[in-house]
Amino acid sequence: MKKVGLLGLTLLLVFLTACSGGGSSPGPASAGADGGGAVKEETPDPFGKYEETITLTYGKSVDATDKSLPVGDTPETNQYTRYVKDMLNIDTKVSWQAASGPNYDQKVNLSISSNDLPDALVVNDMQLRQMVKAGQLADLTDIYDRYASPSMKSFIEKTGGIAAQSVTFDGKMYAIPSVQVHADGVHQLWIRKDWLDKLGLEPPRTIDDLEKVAEAFVTQDPDGNGKDDTIGISGPESGGLLYAHFLASTNNLYGLDPVFGAFRAYPGFWIEGEDGDPVYGSILPETKEALGKLRDWYAKGLIDREIGVRKDAHEPVKSGQSGIFFAPWWMGYGPLPDAIKNDPDANWQAYLLPLDSEGQFNARMGTSSTQFVVVRKDYEHPEAVVKMLNLLIRDEAKFDISVGIGYYPLRVPQSAPDESEYSAKALQEVLAGTKTPEDFNDPGYKLLAADLQNVKKVKKEPYDNMDIQYWEPQADLGVWSRQYSLLVGASTLLEDYNKVYSLLYSQTKTMESRWTNLKKLEDETFLKIIVGAAPLEEFDTFVDNWKKQGGDKITVEVKEYIQQ
């Protein structure tokens, strides 16, 4: 056989690649024959519409308290699913639906154990690993490379490899990761400033201040209805989290994270101990101290009496019964639209409070990827999922977001990691007149152009005062949700604060069999301590049991992991 020159070898490789299609699953392509009869495939269009309708089935998480769907629309058929059909010719079908949170997780777990999967699902880290181990998932390595839009790739790359690593096993990519803004892990204090003003109080800077304000909210009738019915501090509902943890590190609604932070306690996180080795924050003395304070507050009636058992933690905020809760920056999307519908004077403001004894706010930070879109092995069109996410990234600003964005099929957050802070600063500068919208043209911030265009639809002068009376929510409630979240919630994140990261955000080997029971032990013990069903000394028993039941072994594994 004659030697093949460099040019000939290059042409041969091009020929073979064209014939094989790069080893990818079928997708839109146009082919033609060259002089030698080779078939050439064009670069796939990340937004290419299928010539014939394809069907994609998926499991759906539904917020039972969300009443935003117009009459006639359903979780399966709404503005988002119709848009996907119009733009991509993908007919999305809900195989099953479950309430968001524990119910949805249980349904996913059942689908995994029975190997009865829809075409695609949104799963958590633990579920992703189980599905990879069981061989249930499509390899998306080549699909992602060929079909992911430049924006999606940019967001994932901006995490410094963290997002990609979270979905890569044995060199193969088995999911599309969420890319959440850093701010989604920061749980700040949201408080009724109109109640503070009525009672002549200031935002609570310390733990002692917080106790005094909560007591005033409970005892001094801040809503003026003459009834003893107000709640000082809201807490998580049944199945909710007392605090975010390393496997669910962001978007914790109504958890008590900042209270623990004020004691420099980081339960649920793996942190560096005094000896430099990793230690689980839930077993440290600082956590016990924080639990003792929460127990004292509950006994005094300062915390919601239904903490941990309330069916819907949103309800007291919406109805105007609660004065304080802890949550991320985006509460303009959360309970606040209903809260101001019920009471237009409900002036919810956000602060990085309370501070620790040295005047510092300690925030536990989440990992960039906590949710993952997976595709069933052997599904004919795995690229469809990537296209749907591309479409959402590109066109999210076009939607009426007063209808919950969670109704978009298989939606997971995908943004530039610093989007909320960057957008808040840009809005402040444009409102102040120091910059113009034209000064901001970075396509990496997908919603910013619309934000700058729309902000004055809902924000009244003076532009530097964020109290509710200087807003017009009803001018466009969807726009208000976004702008209020940024200018009231995200603007606090421009301040200096201590960012605490977990040393680990995934599972070790022993966790796969032990962690569910260990976490149940932790959650039940801590809630019992807070509500007075167990003495504070039960914490010490918990620590002993946690270590004996696998905690010590897991700690060794965590140390080995971070030393790799």
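**Figure 1. Surroundings of His187 in the predicted model.** In this predicted model, His187 is in contact with Ala244, Ser249, Thr250, Asn251, Asn252, Asp257, Pro258, Ala327, Pro328 and Phe361, leaving aside its neighbours within four places in sequence. His187 itself is placed in the loop between β6 (176-177) and β7 (188-192). With a relative accessible area of 3%, His187 is buried, because this value falls under 20%.

**Figure 2. The stacked aromatic pair of Trp190 and Phe325.** The count for the model comes to 27 aromatic pairs. In one of them, Trp190 and Phe325 are stacked, with 6.3 Å from centre to centre and 5° between the planes. Trp190 belongs to strand β7 and Phe325 to strand β11 (residues 322-327), so the pair ties together parts that are 135 residues apart in sequence. Trp190 counts as buried, at 0% relative accessibility, and Phe325 is likewise buried, with a relative accessible area of 0%.

**Figure 3. The tilted aromatic pair of Tyr254 and Phe325.** Phe325, a buried residue, also pairs with Tyr254: the ring centres are 5.3 Å apart and the planes lie at 50°, so the pair is tilted. Distant parts of the chain are linked by this pair, with Tyr254 in the loop between β8 (231-233) and α10 (257-262) and Phe325 in strand β11, 71 residues apart. Tyr254 has a relative accessible area of 2% and is buried.

**Figure 4. An aromatic cluster of Phe and Tyr residues.** Tyr243, Phe260, Phe526, Phe539 and Phe542 together form one aromatic cluster.

**Figure 5. The second largest pocket and its lining.** The volume of the second largest pocket is about 710 Å³. Its lining consists of 32 residues, of which Gln165, Leu504, Tyr505, Ser506 and Tyr561 are the closest to the pocket centre. Two or more lining residues come from each of the elements α4 (125-133), α7 (162-166), β4 (168-169) and α19 (538-562). By residue type, the lining of this pocket divides into 11 nonpolar, 14 polar and 7 charged residues.

Note on methods:
Residues are numbered from 1 along each chain as its sequence is written. This is a predicted model: local features need pLDDT of at least 70, side-chain atom pairs count only at pLDDT 80 or more; totals for chains, interfaces and linings use all residues. Side-chain values use heavy atoms; hydrogens and water are left out. Helices (H or I, at least four residues) and strands (E, at least two) are DSSP runs, numbered from the N terminus. Buried means under 20% relative accessible area, exposed over 50%, partly exposed in between (1.4 Å probe, protein chains only). Contact means heavy atoms within 4.5 Å. On a 1 Å grid over the protein atoms alone, a cavity is a set of points where a 1.4 Å probe fits but cannot get out, and a pocket is an open set with protein on both sides within 12 Å along at least five of seven lines; lining residues have an atom within 4 Å of a point. Grid points are joined across faces, edges and corners, and a volume is the space filled by probe spheres set on the points. Ala, Val, Leu, Ile, Met, Phe, Trp, Tyr, Cys and Pro count as nonpolar, Asp, Glu, Lys and Arg as charged, and the others, Gly among them, as polar. Rings of Phe, Tyr and Trp (its six-membered ring) pair if their centres lie within 6.5 Å; planes under 30 degrees apart count as stacked, over 60 as edge-to-face and the rest as tilted.
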